[in-house]
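Please look over the chain shown below.

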Amino acid sequence: MDPINSAPSLDAQIYAMKKAIDVQGQGVMKVLESAAPSNTSTGSSVTGLGQTLDIRA
């Protein structure tokens with residue numbers, strides 16, 4: 001028997017890989033969305049500008 005013909009279909013393997021990547025991407029998006037600030041502040045409140053920084057050696 002030819003080893004290429006006895007192997008599972010390449011199309012099925014590619015489909016499974018794409019589906020796994022899609023599911024993983026959805027999980028990453030959920031994490032990123034939960035880590036994002038809930039308010040839509042812009043400017044200095046997001047960048048930290050204007051806040052006091054006290055560094056002592």
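**Confidence, helices and surface**

The chain has an average pLDDT (the predictor's confidence in each residue, from 0 to 100) of 74, and 56% of the residues score at least 70. This is a predicted model, in which local features need pLDDT of at least 70 and side-chain atom pairs count only at pLDDT 80 or more, while totals for chains, interfaces and linings use all residues. Residues are numbered from 1 along each chain as its sequence is written, and side-chain values use heavy atoms, with hydrogens and water left out.

Q: Which element of the chain has the highest mean pLDDT?
A: Helices (H or I, at least four residues) and strands (E, at least two) are DSSP runs, numbered from the N terminus. The chain has three helices and zero strands. Helix α1 (residues 3–6) has the lowest mean pLDDT, 55, and the highest, 90, belongs to α2.

Q: What distance separates the end C-alpha atoms of α2?
A: The expected span of a helix is 1.5 Å times one less than its number of residues. For the 26 residues of α2 this gives 38 Å, which agrees with the distance between its end C-alpha atoms, 38 Å.

Q: How many residues of α2 are buried?
A: Buried means under 20% relative accessible area, exposed over 50%, and partly exposed in between (1.4 Å probe, protein chains only). Buried residues make up 0% of the 57 residues in the chain. Among the 26 residues of α2, the count of buried residues is zero.

Q: Is Ser 34 buried or exposed?
A: Ser 34 lies in helix α2. Its relative accessible area is 61%, so Ser 34 is exposed.
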